[in-house]
Amino acid sequence: QVQLVESGGGVVRPGDSLRLSCAASGRELRNYGLGWFRQAPGKEREVVVVQTTGYSTYYSDSVKDRFTISRDNAKNTVYLRMNSLKPEDTAVYYCAATLKYYSDIIDYTQMGAYAYWGQGTQVTVSS
C-alpha cells in the first residue's frame with residue numbers, strides 16, 4: 001500500500017503563495033487517483049482538488065483559478081500550488097490516494113473514495 005506524507009504548510013499573509021507537497025512511498029502515485037482535501041476548525045473536511053490517473057482534474061469553486069495540482073512521477077510526489085491565499089483558506093490540508101476507478105470525476109470528490117491519507121499539514125493565512 002502507499003504511504004503519504006504532506007509538507008510545506010505554514011503561516012502566511014493574505015495574498016501570499018505556498019506549495020504543499022505530498023510524498024508517496026511504497027507504491028507509484030501514477031497508478032492512483034489523487035485528491036487534496038482540507039479541514040478548517042469546527043468544519044467538516046472538504047474537497048479542494050482531485051485528479052484522476054488520466055489527469056482529469058476537478059477544482060472546488062472556492063479555489064478554482066488560484067490553486068493548481070501537479071504531479072512529479074519521477075519524485076513520486078504530488079503538489080498543491082496555492083496562490084492568492086485568503087484567510088478562509090486556513091485549514092489542515094490532506095492528500096489522499098485511491099486505486100478505485102470512477103467514470104465520473106465527481107465521485108472522486110467524496111472522502112469515501114480514498115483509502116490512503118496523509119497526516120495533514122497546517123496552513124494558516126492571517127494578517
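Is Trp117 buried, exposed or partly exposed? Trp117 counts as partly exposed, at 26% relative accessibility; here buried means under 20% relative accessible area, exposed over 50%, and partly exposed in between (1.4 Å probe, protein chains only).

## Ground rules

This is a predicted model, where local features need pLDDT of at least 70, side-chain atom pairs count only at pLDDT 80 or more, and totals for chains, interfaces and linings use all residues. Residues are numbered from 1 along each chain as its sequence is written, and side-chain values use heavy atoms, with hydrogens and water left out.

## Aromatic pairs

Let's stay with the rings. Two rings of Phe, Tyr or Trp (its six-membered ring) pair if their centres lie within 6.5 Å; planes under 30 degrees apart count as stacked, over 60 as edge-to-face and the rest as tilted. By this rule there are 6 aromatic pairs. One of them is Tyr32 with Tyr116, edge-to-face at 6.0 Å centre to centre with 80° between the planes. Tyr32 sits in the loop between strand 3 and strand 4 and Tyr116 in strand 10 (residues 116–117), so this pair ties together parts that are 84 residues apart in sequence. Strands (E, at least two residues) and helices (H or I, at least four) are DSSP runs, numbered from the N terminus. Tyr32 is buried at 2% relative accessible area, and Tyr116 is buried at 19%.

Then there's Tyr94 with Trp117: the ring centres are 6.5 Å apart and the planes are at 75°, so this pair is edge-to-face. Tyr94 is in strand 9 and Trp117 in strand 10, so the pair links parts 23 residues apart in sequence. Tyr94 is buried, at 12% relative accessibility. Ring pairs also join Phe37, Tyr94, Tyr114 and Trp117 into a cluster.

## A buried glutamate

Glu6 is in strand 1 (residues 3–7).

What does the side chain of Glu6 reach? It reaches the backbone nitrogen of Gln119 at 2.9 Å and the backbone nitrogen of Gly120 at 2.8 Å. Beyond its neighbours within four places in sequence, Glu6 is in contact (heavy atoms within 4.5 Å) with residues including Cys22, Trp36, Tyr94 and Cys95.

## The nonpolar cores

A nonpolar core is a set of buried Ala, Val, Leu, Ile, Met, Phe, Trp, Tyr and Cys residues joined through side-chain atoms within 4.5 Å. The largest one has 28 residues, and those with the most contacts inside it are Leu4, Trp36, Leu80, Met82 and Tyr93. Among the elements that give two or more residues to this core are strand 3 (18–25), strand 4 (33–39) and strand 8 (77–82). Apart from it lies another core, of 8 residues, among them Val47, Val50, Ala96 and Tyr108.

## Two positive phi angles

Most residues other than glycine have a negative phi. Tyr55 has a positive phi of about 75° although it is not a glycine. Tyr55 lies in the loop between strand 5 and strand 6 (57–59) and is partly exposed, at 43% relative accessibility. Asn76 also has a positive phi, near 55°. Asn76 is in the loop between strand 7 and strand 8, and is buried at 14% relative accessible area.

Methods:
A polar contact is a pair of N or O atoms within 3.5 Å; within protein, one must be able to donate a hydrogen and the other to accept it, and residues adjacent in sequence count only if both atoms are side-chain atoms.
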